[in-house]
Amino acid sequence: MKKRIFSGSRRLIMAVAAIVTMPAWNNAWAQTLRIAPLANDNFLIRVSPETKEKFLLLPIEEAAPESQVRVVADNAQQRLLNIRMALTKVDYYLPFSLDEFRGMELSLYSHINIDRSNRGGVGSEIWRNHIGLSDTFDTTNREKFRPTYHHAPEYAWMNDPNGMFYKDGVWHLYYQYNPYGSMWGNMHWGHSTSRDLINWDHHPIALKQDMHGAIFSGSCIVDHNNTAGFGNDAVIAMYTASTQTPWGYDLQTQHIAYSTDGGYTFHKYEGNPVLTADIPDFRDPNMFWMEETQRWILVMSAGQEMRIYSSPDMKDWTEESRFGKGLGCHDGVWECPDLMKLPLPGSKGSKWVLICNINPGGPSGGSATQYFIGDFDGHRFTVDNAGRYEDGKSLWQDYGKDHYATVSFSDAPDRRHTMIGWMSNWQYANVVPTMQYRSANTICREPYLYKGSDRLLYLGSRPSPEYTGKGLDREVKIKGSCSVILSNAQGEEFRLIYDEKAMTLTADRSCSGEKAFSQDFDVKAVAPVRNRITGMRIFIDNSSVEVFANNGEVVITSLVFPKSRYNNIRIEK
């Protein structure tokens, strides 16, 4: 994939070697960047209003504990960040943008979290010798596992896809983003766009955390008829703001923001929050317009259930119903919902599908995506064949270990329900063997309903049509039980084992490459097969394998970390 870089004033192209050995208090920045020690391992980092550089470069050490950084500008607290400031070595640098604080006296009060028992005292924290100012920031790829055609952040951490929509020929993808580290934290909405779902342009952060809290997951819609009062075709984002009180309680409230430039910049609504609840896990709003009721429908994750709301304007919400008690997997918190209507196979009818991501509780351990098939009347979602979901039984959209937080783009062309997921697992996402960036997205998929050999309905997922004819996949025809083996020149293998008698498809990555980073990684993923498998489409990238058997009736998504990409496929009986 062609390398993309930030556009306009955020274009990033540089090397940081010049600052590696220069103490910040004794160099050319002495008049604009000052560091003063305070009591009890606290420091004041002050950036002068005269500073011309665009970035404060932060030295990061992944093994260091998080240090709390309070950002104060214009005599008010602007951010509260957690950053792993380097104590014994610098693993990499990350930029703190100074653009929004131009002309202000900027103060960063940092509590450096030091374990004095093994760190050796005050002199052991080396971040002070390496922090510095710069006009640019190096984004050159230094990771052999970075994907070539899957979306990934240009640098730092990414998890759930958020607020995706399609407008004027452009797919907009937002995502949970920590710009200050390659582990989870400091949640913002990153932003990328694409015209073909393969090549992605990276844009400045769309939604930054504020004093309401971190910006958690949510959704976006195009308000064609100005129902919210922000203008025709305004893009409205609804997201969870999450903060922790001084007493240790997590507070999660629902907020909206609007964009009048097509989703590139947002303005937060002054009347936020627009929805609250008296429970701790209340997040991930997913909204859509329902023609039959002429109202916006909102599905919220609420502990281990989904709550459904309606509204005429996205500002005032009325609770309609709740769903989930006694149905499906409840081993973890329910997250990232989606609700969509899909056509029935071989008829003019339709059914509704409720997507429910859960962590933990997945079929192979950790996080995964379950679903429910039924009906929705604008008020209440009811399942068909409730016995399929009782006593903890679940149906899973993808039986691999690395498919989570899957939701759809709103306003997709041709009434499509195009979905994309986070390609990782919470069991090991923070420690996979990359550092410049962490995590990628799955390829996009088109959900559909099909009947199994038991005549029951199931949810399938085809690769989106944008991937057809691009040479990204390998097609394999099979007949009867067999193993499909992907391998490379180093002898590393990823095995797909089809047992026609048992009606299972198993992904075995025990010999796939690097795996020592987590004991939870080397686990076989076993998928039930609803109809006899005759073929597979397999998408192989530098660090992933996505398998679509029978045109997506069975899907298994797996991360892999081989010495080189698999370039050979063989079939063994």
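This is a predicted model: local features need pLDDT of at least 70, side-chain atom pairs count only at pLDDT 80 or more; totals for chains, interfaces and linings use all residues.
1. The largest cavity has a volume of about 140 Å³. Its lining is made up of 14 residues, and P95, S97, Y180, I205 and K208 are the closest to its centre.

2. Make-up of the largest cavity. Strand β6, residues 92–97, supplies the largest share of the lining of this cavity, with 3 residues. By class, the lining of the largest cavity has 8 nonpolar, 2 polar and 4 charged residues.

3. The largest pocket. The space in the largest pocket comes to about 1000 Å³. It is lined by 34 residues, and those closest to its centre are F288, W289, M290, D411 and H417. Two or more lining residues come from each of β9 (156–167), β13 (214–223), β17 (282–290), β21 (333–343) and β26 (404–408). Of the elements, β13 gives the most to the lining of the largest pocket, namely 6 residues. The classes in this lining are 16 nonpolar, 10 polar and 8 charged residues.

4. The second largest pocket. The volume here is about 900 Å³. A set of 31 residues lines the second largest pocket, and W184, A214, F216, S242 and D250 lie nearest its centre. The elements with two or more residues in this lining are β5 (76–83), β9, β13, β14 (234–244), β15 (250–259) and β17. Sorted by class, the lining of the second largest pocket has 9 nonpolar, 14 polar and 8 charged residues.

5. Disulfides. How many disulfides are there in the model? The count is 0. A disulfide is a covalent bond between the sulfur atoms of two cysteines. The cut-off used for the count is a pair of cysteine sulfur atoms within 2.5 Å.

6. C444. C444 counts as buried, since its relative accessibility is 0%.

7. C482. This residue is also in no disulfide. Its nearest cysteine sulfur belongs to C511 and is 18 Å away. Is C482 buried or exposed? C482 is buried, with a relative accessible area of 6%.

Terms used: Residues are numbered from 1 along each chain as its sequence is written. Side-chain values use heavy atoms; hydrogens and water are left out. On a 1 Å grid over the protein atoms alone, a cavity is a set of points where a 1.4 Å probe fits but cannot get out, and a pocket is an open set with protein on both sides within 12 Å along at least five of seven lines; lining residues have an atom within 4 Å of a point. Grid points are joined across faces, edges and corners, and a volume is the space filled by probe spheres set on the points. Helices (H or I, at least four residues) and strands (E, at least two) are DSSP runs, numbered from the N terminus. Ala, Val, Leu, Ile, Met, Phe, Trp, Tyr, Cys and Pro count as nonpolar, Asp, Glu, Lys and Arg as charged, and the others, Gly among them, as polar. Buried means under 20% relative accessible area, exposed over 50%, partly exposed in between (1.4 Å probe, protein chains only).
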